[in-house]
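Here's a quick briefing on charged side chains that pair up. Have a look at the model first, then run through the notes below.

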Amino acid sequence: MSSRRTRFTEDEINELILKLQVLLPDSSSRCKTRVSASKILKETCNYIKKLHKDVDGLSERLSELLASRDISVIDTDILTSLLRQ
């Protein structure tokens, strides 16, 4: 990796913050109002943490399902599509 740092202009940072805001749930109602960059960054971090918990929970449920059933009973196409999502 290069040790050279990329410099962003204030406009570029603001544009990236707005892009993050759009990705957050329930952001459509807030897009018309100005929200501080720090609040958007905090909400983004919290949302990513929530997504990680959701993924962990779904992985655990899938593991339990696989452990409780004969793998031959589960349609492998369905299982494969679930794992690719």
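The count comes to three salt bridges, where a salt bridge is a side-chain nitrogen of Lys or Arg within 4 Å of a carboxyl oxygen of Asp or Glu. Keep in mind that this is a predicted model, where local features need pLDDT of at least 70, side-chain atom pairs count only at pLDDT 80 or more, and totals for chains, interfaces and linings use all residues. Residues are numbered from 1 along each chain as its sequence is written, and side-chain values use heavy atoms, with hydrogens and water left out.

**Helix H1**

- Glu 15 and Lys 19 form a salt bridge, with 3.6 Å between the closest N and O atoms.
- The two sit four residues apart in helix H1 (residues 10–23), so about one helical turn separates them; helices here are DSSP runs of H or I, at least four residues, numbered from the N terminus.
- Lys 19 is partly exposed at 48% relative accessible area, and so is Glu 15 at 46% (partly exposed lies between buried, under 20%, and exposed, over 50%, using a 1.4 Å probe and protein chains only).

**Helix H2**

- Lys 39 pairs with Glu 43 in a salt bridge, the closest N and O atoms being 3.9 Å apart.
- Lys 39 and Glu 43 are four residues apart in helix H2 (residues 37–68), which means about one helical turn between them.
- Glu 43 is partly exposed at 22% relative accessibility, and Lys 39 is partly exposed at 43%.
- Lys 50 and Asp 54 make a salt bridge at 2.7 Å, N to O.
- Lys 50 and Asp 54 are also in helix H2, four residues and about one helical turn apart.
- Lys 50 is partly exposed at 44%, as is Asp 54 at 34%.
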